[in-house]
Amino acid sequence: MPRVLVVDDEPAIRRVLRAYLERDGFDVAEAADGVAALAAVRTRRPDALLLDIGLPDLDGLEVMHRARQGYPDLPVLLVTARAEE
């Protein structure tokens with residue numbers, strides 16, 4: 001079963017993403033901030049990362065950069081409410 005790590009500081013968003021992903025057969029782990037996300041990447045070794053850019057501790061782009069230092073082929077989908085690229 002493919003493993004996905006959902007990283008967002010809003011519990012409601014994590015809950016919705018988890019529900020859809022689990023319904024489609026994914027094993028889902030969650031993290032509410034960048035530090036927890038990096039720990040989960042190391043311990044759970046997800047197949048993909050759904051990552052909010054606006055996290056309370058580390059910027060999502062920094063989390064992506066650090067995660068890819070150890071796992072350069074990790075697919076990342078950035079989730080954001082920002083209106084610009």
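What pattern does the protein chain follow, read along the sequence? The pattern is β-α-β-α-β-α-β. Helices (H or I, at least four residues) and strands (E, at least two) are DSSP runs, numbered from the N terminus.

**Before you start**

This is a predicted model: local features need pLDDT of at least 70, side-chain atom pairs count only at pLDDT 80 or more, and totals for chains, interfaces and linings use all residues. Residues are numbered from 1 along each chain as its sequence is written, and side-chain values use heavy atoms, with hydrogens and water left out.

**Stop 1: the whole chain**

Show the protein chain as a cartoon. Its secondary structure comes to three helices and four strands. The radius of gyration is 12 Å, close to the 12 Å that the globule rule gives for 85 residues, so the chain is as compact as a globular protein of that length. That radius is taken over C-alpha atoms, and the globule rule is 2.2 Å times the number of residues to the power 0.38. Along its principal axes the C-alpha trace spans about 30 × 30 × 20 Å.

The protein chain exposes about 5200 Å², and carbon and sulfur atoms supply 53% of it. Accessible areas come from the Shrake-Rupley method with a 1.4 Å probe; for residues, only the protein chains shown count as cover. Buried residues make up 34% of the 85 residues. Buried means under 20% relative accessible area, exposed over 50%, and partly exposed in between (1.4 Å probe, protein chains only).

Look at contacts too, meaning heavy atoms within 4.5 Å. Of the contacts with a separation of 6 or more, 62% are between residues 24 or more positions apart.

**Stop 2: the sheet**

Select the four strands. They form an open sheet in the order β2-β1-β3-β4, with parallel pairing. The edge strands are β2 (27-31) and β4 (76-79), and each pairs on one side only. Neighbouring strands are turned by 20° against each other on average, direction ignored. Two strands pair if DSSP finds at least two bridges between them. Axes are lines fitted to C-alpha atoms, for helices over the stretch in contact, and angles run from 0 to 180 degrees between N-to-C directions.

Next, select β3, residues 48-52. Is this strand mostly covered or mostly open? It is mostly covered: four of its five residues are buried. On one side, four bridges join β3 to β1, and the two run parallel. β3 and β4 also pair in the parallel sense, over four bridges.

Then label Asp52, which stands opposite Val79 in β4.

**Stop 3: helix α1**

Select residues 11-23, helix α1. This helix has 13 residues and reaches 18 Å from its first C-alpha to its last, close to the 18 Å expected at 1.5 Å a residue. The expected span is 1.5 Å times one less than the number of residues.

Pick Arg18, found in helix α1. Which residues does Arg18 touch, not counting those up to four places away in sequence? They are Val28, Ala29 and Glu30. The C-alpha atoms of Arg18 and Glu30 are separated by 8.1 Å, and the two are 12 residues apart along the chain. Arg18 counts as partly exposed, at 24% relative accessibility.

Move to Arg23, also in helix α1. Arg23 counts as exposed, at 58% relative accessibility. Just after α1, find Gly25, which takes a positive phi of about 95°.

**Stop 4**

Select residues 34-44, helix α2. It lies across β1 (3-7) and β2, running at about 170° to β1.

Go on to Arg45, in the loop between α2 and β3. Most residues other than glycine have a negative phi. Arg45 has a positive phi of about 45° although it is not a glycine. Arg45 is partly exposed, with a relative accessible area of 47%.

**Stop 5: the start of the chain**

Finish at Met1, in the segment before β1. Is Met1 buried or exposed? At 70% relative accessibility, Met1 counts as exposed. Met1 still touches Gly25, Phe26, Asp27 and Asp47, not counting residues up to four places away in sequence. Met1 and Asp47 are 46 residues apart along the chain, and their C-alpha atoms are separated by 9.6 Å.
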